[in-house]
Amino acid sequence: MTTRSRIIGCGSYLPANVVTNDDLAKRVDTSDEWIVARTGIRQRHIAAEGETTSDLAFAAAKSAMEHAGVTSDDIDLIIVATATPDNTFPATATKVQNRLGVKGFAFDVQAVCSGFIYALTTADMYIRNGQAKTALVIGAETFSRILDWEDRRTCVLFGDGAGAVVVQAVEGMGTIEDVGILANRLHSDGSKYELLYVDGGPSATQTVGHLRMEGQEVFRHAVTNLASVIREVLADTGLEPGDIDWLVPHQANQRILDSTARKFGISKDKVVVTVDRHANTSAASIPLALAEAVHDGRVKRGDIVVLEAMGGGFTWGASLMRW
């Protein structure tokens with residue numbers, strides 16, 4: 001028998017404040033047509049004044065726990081993936097832990113847009129080695145707090161939100177017929193730091209800083225790296241692109257989603273897309289998209305689901321699972 005990690009519940013939270021492209025056009029030199037043509041984004045949610053990353057994470061966690069039918073007593077581990085924590089320390093996860101009344105241990109993971117994949121892979125390792133039976137994995141961001149609202153190249157791309165999953169140990173036979181996570185792959189390349197970064201931090205500038213990005217270069221690397229890492233998790237399981245029932249990608253740009261799907265011959269109707277309504281919510285984007293597809297009935301038990309993302313660092317990764 002083999003211990004696997006199976007997602008048994010999904011939850012999400014989006015701030016009430018919706019900012020459309022037309023709203024942004026009143027602040028910077030842009031237009032709805034320009035943004036949609038280049039990104040596919042039509043609107044994004046922005047956290048209210050005083051609404052923090054831990055607030056979003058807590059709401060998504062409660063939603064996921066309700067969906068999974070678990071209580072605070074059942075949770076052994078909390079991992080929050082975020083690049084926009086409430087404070088430099090302590091970890092945002094410990095604030096969520098306190099509000100939920102969870103015992104066990106909690107910590108943050110920072111891999112920017114790949115953060116949820118990194119966090120899910122980490123939870124999977126703890127579950128498979130027996131240190132946790134039930135984990136809460138959350139991606140939560142308030143990216144609006146690190147945007148330069150005068151930079152039309154970046155401020156139109158991002159939004160705030162949180163998504164969460166409850167992951168639980170299950171026993172399998174060690175074959176690809178098992179339910180749960182079947183393969184994970186993670187990568188990073190620090191030499192590409194200057195292509196996507198924030199120009200501040202406690203040690204460097206003693207400020208929060210703003211996001212800076214070379215969009216065309218990021219796009220080029222994203223398409224290549226995402227295709228490569230999907231091939232890796234398929235090779236690890238012996239599955240083929242045609243076996244994928246659902247691709248749940250990081251929601252950065254519609255053109256990246258289309259290019260990645262096209263490389264594998266995956267039909268557009270098998271790709272879960274929320275970028276038009278959520279924009280890029282960094283570590284929150286995959287669990288937000290997954291929760292939507294699970295709750296509306298698209299993702300069904302037994303489906304082969306692939307999650308993939310690339311973010312600043314560069315970091316990138318993928319998880320393949322049988323739902």
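# Helix H8 and other local features

In helix H8, the residues Ile-256, Leu-257, Ser-259, Thr-260, Ala-261 and Phe-264 are buried. This is a predicted model, so keep that in mind as you look around.

**Helix H8 and what's around it**

- Just past H8 sits Gly-265, which has a positive phi of about 65°.

**H7 against H8**

- Two packed helices are described by the angle between their axes and the distance between the axes.
- For helix H7 (residues 215–237) and helix H8 (residues 254–264), the axes come within 10 Å and cross at roughly 40°.
- H7 and H8 therefore count as oblique to each other, and the crossing is right-handed.
- On the H7 side, the residues that meet H8 are Phe-219, Ala-222, Val-223, Leu-226, Ala-227, Ile-230, Arg-231 and Leu-234.
- Their partners in H8 are Arg-255, Ile-256, Ser-259, Thr-260, Lys-263 and Phe-264.
- Sorted by class, this contact has 9 nonpolar, 2 polar and 3 charged residues.

**H3 against H4**

- The axes of helix H3 (residues 53–68) and helix H4 (residues 92–100) come within 9 Å, crossing at roughly 50°.
- That makes H3 and H4 oblique to each other, and they cross in a right-handed way.
- H3 brings Thr-53, Ser-54, Asp-55, Ala-57, Phe-58, Ala-61, Lys-62 and Met-65 to the contact, while H4 brings Thr-92, Lys-95, Val-96, Arg-99 and Leu-100.
- By class, you get 6 nonpolar, 3 polar and 4 charged residues in the contact of H3 with H4.

**Two buried threonines**

- Thr-82 is in the loop between strand S4 (77–81) and H4.
- Its relative accessibility is 4%, so Thr-82 counts as buried.
- The side chain of Thr-82 makes a polar contact of 3.1 Å with the side chain of Glu-141.
- Setting aside neighbours within four places in sequence, Thr-82 touches several residues, among them Thr-53, Thr-92, Asp-108 and Ala-283.
- Thr-134 belongs to strand S6 (residues 134–142), and at 5% relative accessibility it counts as buried.
- Thr-134 has a side-chain partner too: a polar contact of 3.1 Å links it to the side chain of Gln-168.
- Beyond its neighbours within four places in sequence, Thr-134 is in contact with residues including Asp-74, Leu-77, Val-166 and Gln-168.

**Cis peptide bonds**

- Phe-89 and Pro-90 are joined by a cis peptide bond, with omega about 5°; Pro-90 is in the loop between S4 and H4.
- Gly-313 to Phe-314 is a cis peptide bond, with omega near -15°, and Phe-314 lies in the loop between S12 and strand S13 (315–322).

**Positive phi without a glycine**

- Gln-206 isn't a glycine, yet has a positive phi of about 60°.
- You'll find Gln-206 in the loop between strand S9 (196–198) and strand S10 (211–213), and with a relative accessible area of 61% this residue is exposed.
- Ser-282 isn't a glycine either, and has a positive phi of about 55°.
- Ser-282 sits in the loop between H9 and helix H10 (285–295), where it counts as buried at 1% relative accessibility.

Technical notes: Residues are numbered from 1 along each chain as its sequence is written. This is a predicted model: local features need pLDDT of at least 70, side-chain atom pairs count only at pLDDT 80 or more; totals for chains, interfaces and linings use all residues. Side-chain values use heavy atoms; hydrogens and water are left out. Axes are lines fitted to C-alpha atoms, for helices over the stretch in contact, and angles run from 0 to 180 degrees between N-to-C directions. Helices (H or I, at least four residues) and strands (E, at least two) are DSSP runs, numbered from the N terminus. Angles under 35 degrees count as roughly parallel, over 145 as roughly antiparallel, 65 to 115 as roughly perpendicular and the rest as oblique. A crossing is left-handed if the near helix is turned anticlockwise from the far one by less than a right angle, and right-handed if clockwise. Contact means heavy atoms within 4.5 Å. Ala, Val, Leu, Ile, Met, Phe, Trp, Tyr, Cys and Pro count as nonpolar, Asp, Glu, Lys and Arg as charged, and the others, Gly among them, as polar. Buried means under 20% relative accessible area, exposed over 50%, partly exposed in between (1.4 Å probe, protein chains only). A polar contact is a pair of N or O atoms within 3.5 Å; within protein, one must be able to donate a hydrogen and the other to accept it, and residues adjacent in sequence count only if both atoms are side-chain atoms.
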